[in-house]
Amino acid sequence: MSDPTQNAAWQALETLAEGAADRRIDGLFFAEPERASRYSLEAAGITLDYSKQLIDDETRRALLELAAAQKVVEKRADMLAGRVINSSEQRPAWHVALRRPDDAPLYEEVHEVRHAMAEFARAVRNGEWRGFADDAITDVVNIGIGGSDLGPRMICQALARRDGPQPHFVANVDPADLDDTLARLNPATTLVIVTSKSFGTAETLANARVARQWLIDAGAGEHDIARHFVAVSTNREAVTEFGIERMFEFWDWVGGRYSLWSAVGLSIALALGDDAFEQLLAGAYAMDQHFETAALGENLPVMLALAGIWNNNFLGLTSHCVVPYAQRLAALPSFLQQLEMESNGKSVRREGAPVTVDTVPTIWGSVGTNAQHAYFQMLHQGDLAVDMDFILPLSDAAAAGDPREIERVANCIAQAEALMTGRDRSALESELKEQGLSSDALEHRLAARSFEGNRPSNMLVLNTLDAHSLGALIAAYEHKVFVQGVIWDINSFDQWGVELGKTMAGQLVGELSGEGKAGAHDGSTQALLTRVRRGWQA
């Protein structure tokens, strides 16, 4: 792989970006009224409209040339075939194998585990699997962190239903997270999933031990642990030592933030049913097929990635906001934060040389329409220019007449339009003059109410918010991340930056508990340790 800045396409894009400084997105629509159809793509029940990007045909052509020069096609083939692309850990990143249908497997053991998950989910949901008091399971608590939490949590919130065990997710080692959750539940009807690849994640095991004691304190015996706890892990010895008999396996090539398709998705199958989990996989597989076969210029994840490259690396937009206009997708921005920033928040290239370009922008956002009354003021008139993804799931015809539904859709589309067009100063001036304003008052009001506009955005429209479309949407973002990592020449599949803080926290746990030796720390850290001990002794 080469330094992307040395490609002719990169240099051409730098020149195009200089010229783009004096252009407007709404001007592109004026010059080409059919622009929306030419800058839109459809795949797996999702429409991507990227026509509100400051991209013309010449820019798109140069972006596609950059993707070709950085060997996106070749690297895509490597990833899909399960070749080693995680260079620092010498592993594949083969999450696509997790969503293949049974009649087209890539890795047979995936399907064995999937069938075991489906059988277990059916047994729990139909009441065959019962607790220590012979009661059916009514609640499922997933204890995990990071990728073992964010994906399943987001899916279960997005597709919530009432006809099965209700899911609960605990990730924070703050006692309030687990304690508040368990306080609402009956131990005799609760199943706990401990999700940890190594079964050694400190935060997860600390919570699991508390949940275990909660069950024992409610009258369960040690032999009942196996009725109320299952594990998703690769460490059978540690799982068995905990008292868990039922373990669902996954593999070292399944990265945490790409793991919801694996046994990590057990909470999804339990809460939503194995049929919904299969539809989630089918939607992702449909997007995989599109990503694999569509030409780069007609490829939804590729163009989503290239629009981000253009904004981040050439227009200087280092902040990217994701706003789903659907309450049930409120957890999606948090999920995408991990997916994008843990994957591509890197400062070294694949072979260890420093990067020569900016990599992942800051990813943030929240659910619309609430966001409009929070930070959209900054988006419209602040100095920090931000590019955006609007996500708009459509509802069925029965709901389309609901005034709230009309408001939701109208607000989403209007915000994207307003960010692009801004507010014309001359039209505003005429309006204010009609109100009787003049002189200094007029100028002050003009300055306060003018919107520059020209803020780029994508609009992703889902045919409906169901398991299939949600699976396709997540897979599209996964492939976007992959394409951007290839272009930046970084490894999107390791996360060594997570390790240092965890290692140092382990040292401090020993010091604060009195079980470890005091370490040498900087003055601030030492003062904070002293302050904490004083607070605990008060």
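A residue is called buried when its relative accessible area is under 20%, exposed when it is over 50%, and partly exposed in between, computed with a 1.4 Å probe and protein chains only. This is a predicted model, in which local features need pLDDT of at least 70 and side-chain atom pairs count only at pLDDT 80 or more, while totals for chains, interfaces and linings use all residues. Residues are numbered from 1 along each chain as its sequence is written, and side-chain values use heavy atoms, with hydrogens and water left out.

Begin by selecting V110, which is found in helix α6 (residues 108-125); helices (H or I, at least four residues) and strands (E, at least two) are DSSP runs, numbered from the N terminus. V110 counts as buried because its relative accessibility is 4%. Show its surroundings and, leaving aside neighbours within four places in sequence, you will find V110 in contact (heavy atoms within 4.5 Å) with A97, L98, W251 and W253. If you draw a C-alpha to C-alpha distance from V110 to D389, it comes to 33 Å, for two residues that are 279 apart in sequence.

Next, select helix α4 (residues 57-69) together with helix α14 (residues 300-314), whose axes come within 10 Å and cross at roughly 105 degrees. Here axes are lines fitted to C-alpha atoms, for helices over the stretch in contact, and angles run from 0 to 180 degrees between N-to-C directions. Angles under 35 degrees count as roughly parallel, over 145 as roughly antiparallel, 65 to 115 as roughly perpendicular and the rest as oblique; α4 and α14 are therefore roughly perpendicular to each other. Show side chains, and T59, R60, L63, L64, L66 and A67 in α4 can be seen to meet M303, L306, I309 and W310 in α14.

Is N7 buried or exposed? With a relative accessible area of 12%, N7 is buried, and, not counting residues up to four places away in sequence, it touches S2, L66, A69 and Q70.

Now move to helix α17 (residues 403-421), whose 19 residues should span 27 Å at 1.5 Å a residue, and whose end C-alpha atoms agree with that at 26 Å apart; the expected span is 1.5 Å times one less than the number of residues. Colour E405, R408, N411, C412, Q415, A416, L419 and M420, the buried residues of α17. They cover an arc of only 165 degrees around the axis, which puts them on the same side of α17, the arc being that of the directions from the helix axis to the C-beta atoms. On the other side of α17, P403 and E407 are exposed. What covers the buried residues includes α2 (25-31), α16 (376-381), β10 (387-393) and β11 (457-462).

Finish with the backbone. Most residues other than glycine have a negative phi, and most peptide bonds are trans. Select Q90, in the loop between α5 (72-80) and α6, where phi is positive, near 55 degrees; Q90 counts as exposed at 58% relative accessibility. N454, in the loop between α19 (439-449) and β11, likewise has a positive phi, near 65 degrees. Last, select G368 and T369, which are joined by a cis peptide bond with omega near 10 degrees; T369 lies in the loop between β9 (362-364) and α16.
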